[in-house]
Structures are given as C-alpha cells and as structure tokens.
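Please look through the structure below.

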Amino acid sequence: MAKVAIVTDSNSGITQSQAKELGIYVVPMPFMINNEEFFEDINLTQEQFYEKLTGNAEVSTSQPTPDSLMTLWDELLKEYDEIVYIPMSSGLSGSCQSAFMLAGEEYEGKVFVVDNQRISVTQRQSAIDAKAMADAGFSAGEISKKLFDTKFESSIYIMLDTLYYLKKGGRITPAAAALGTLLRLKPVLQIQGEKLDAFAKARTTSQGKNIMLTAVKNDIENRFGGMEAGDFWIEIAYSHDTEAANEWKKEVEAAFPAHEVHMDPLSLSVSCHIGPGALALAVTRKLHF
C-alpha cells in the first residue's frame, strides 16, 4: 500500500500548527506588501495583514515559487511514495496551473495536483477528506479522482462590508463602487466552481445574512439530498471582525440546529480583494468513500 502525503496551501485556512495535528502539510501563500515579501502564517499574521491593508499599504497576492514547491515535494518523497496537492481554485489564482505543469514535468506518477475549485473552509474540508482517504489506503490517483469528481459539491456565499477593495483591485468600476457606497449596498458574492461571481445585492447586513442562509438552504434541498438527510457540512468564514463573526456563527447555528458549524478566518488571498468586515457561509456535501 502506497504511503500518501496530503498537501494544501494556506488558503485552506489550515494553520501550520493545525496542519501538524491533522497530519497535513500546508504551503504558505506569499504576499507582496510595499515591495516586501511575506508568507501567510509564517511572518504574516491575520492582524498584521489587516493592519497593512487598512493602512493603505500596497498589498498584492503572489503564488508559491516552483523552487519552494519542489523543495517540499522532494522532502516529502523521502518519507512518502506519493503526494496529493490541493491548491486554491484555478479560477482564483494561477498557482494551480503552475503546480500542474511542475508535477507533470518533474514528478509524473508521484505528485497529483487536484484542481477541485475550492478555497477557504471548503478547501480545508477537501484536505481533511483527502487525508481520511489516504489513511484508509487509497492511492494518490484514487484520491485525486474522487476530489475532482466532487469538486462542484460545495458553495460559498460572501457578503462584503465595503466595495473599496474591489474598486482598488480594478474588479468593479469606480462609478459602480461609488453608487454602491452611496446606496450602502452589501453585495453578496458566490464561489461555486471556478471564480468569484456576483450573486445578489442587499440593502442591509440583516438582509444579506438572510440571502446567504436562503441560498445555502436551497443548495441543501436541491443539490445535497435535503435537510433530513444531513449529508453536508456547514461552515462559516469572515474577514477580520471576530465579534461580528461570532454573532454570525450563533445565527447560523440557530438556522441549522442539528449541525456543528465550523468557523475560520477567510483566506487572506480572498480578503486582499474584498477587505475586512466580510461574512461568509458555505455548504459542502459530505464525501463518501
């Protein structure tokens, strides 16, 4: 039986200390801040990141270098026979495609890169599922196929507190941002599959929360076998505002009383583009193997 290492990146929300407990390896995502390189959860904490972001520093996302990936993979292949690498969705970053090319050219049959179109709490669940399959004796190829085949069986809905960072990153026009700010709109975005898409516009935080709860309930009923089956995970994420996040967690727990709700800070790669104060709700179908 092949010994399989499970690797993901820090967009999964899995910290370096949590990774050790889970038996998973986490590649820290690099960031350029005022032309200086930082690595998530290595020399860049959540607090430091938001301090720089809200302080008008020039913050941009980067991707792990081929050298950093090869160093990790080479080290792991001394102990493991195969590797499954689960990077953030290819729709949100070029890092997945880069890893595909590297694995194909240098590590064919040894490193399996899975683009299962997830990020944050849903990417975390994929890594945990992959580890469970590895522990159950599945090969890297079998794990990769299962994750790829079920890649669309999750959704994330994110309510933004501000349009400023989308405008700053050129993702919406200044006119649209100004209008949204004037009307105090709370846009709700969706990640289901490749990219971050507009989903709905709310006038208030309360309305935005209701939109997300309704969307997840619809997904459960129409895509994941219904509430009674209970065949899904409920997860929430947030950017920076812990107090608002704890309040949101209570509301989600009240809406899904039979389910444990997992909460993590939102991936910094997403937070970089949407800013602080965002709240997210995710649903992921449980993986059976």
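The lining of the second largest pocket divides into five nonpolar, seven polar and three charged residues. Here Ala, Val, Leu, Ile, Met, Phe, Trp, Tyr, Cys and Pro count as nonpolar, Asp, Glu, Lys and Arg as charged, and the others, Gly among them, as polar. Of the 15 lining residues, G13, T15, E40, D41 and Q46 lie nearest the centre of the pocket. A pocket is an open set of points, on a 1 Å grid over the protein atoms alone, where a 1.4 Å probe fits, with protein on both sides within 12 Å along at least five of seven lines; lining residues have an atom within 4 Å of a point.

This is a predicted model, in which local features need pLDDT of at least 70 and side-chain atom pairs count only at pLDDT 80 or more, while totals for chains, interfaces and linings use all residues. Residues are numbered from 1 along each chain as its sequence is written, and side-chain values use heavy atoms, without hydrogens and water.

Next come two helices. In α9 (residues 205-223), K209, M212, L213 and K217 meet W248, E251, V252 and A255 of α10 (contact means heavy atoms within 4.5 Å). The residues of this contact of α9 with α10 comprise five nonpolar, no polar and three charged.

A search of the whole structure finds eight aromatic pairs. One of them is edge-to-face, because the rings of Y25 and Y80 have planes at 80° and centres 6.0 Å apart (ring centres of Phe, Tyr and Trp, the last by its six-membered ring, must lie within 6.5 Å, and planes over 60 degrees apart count as edge-to-face, under 30 as stacked and the rest as tilted). Y25 lies in strand β2 and Y80 in the loop between α3 and β6, so the pair ties together parts that are 55 residues apart in sequence. Helices (H or I, at least four residues) and strands (E, at least two) are DSSP runs, numbered from the N terminus.
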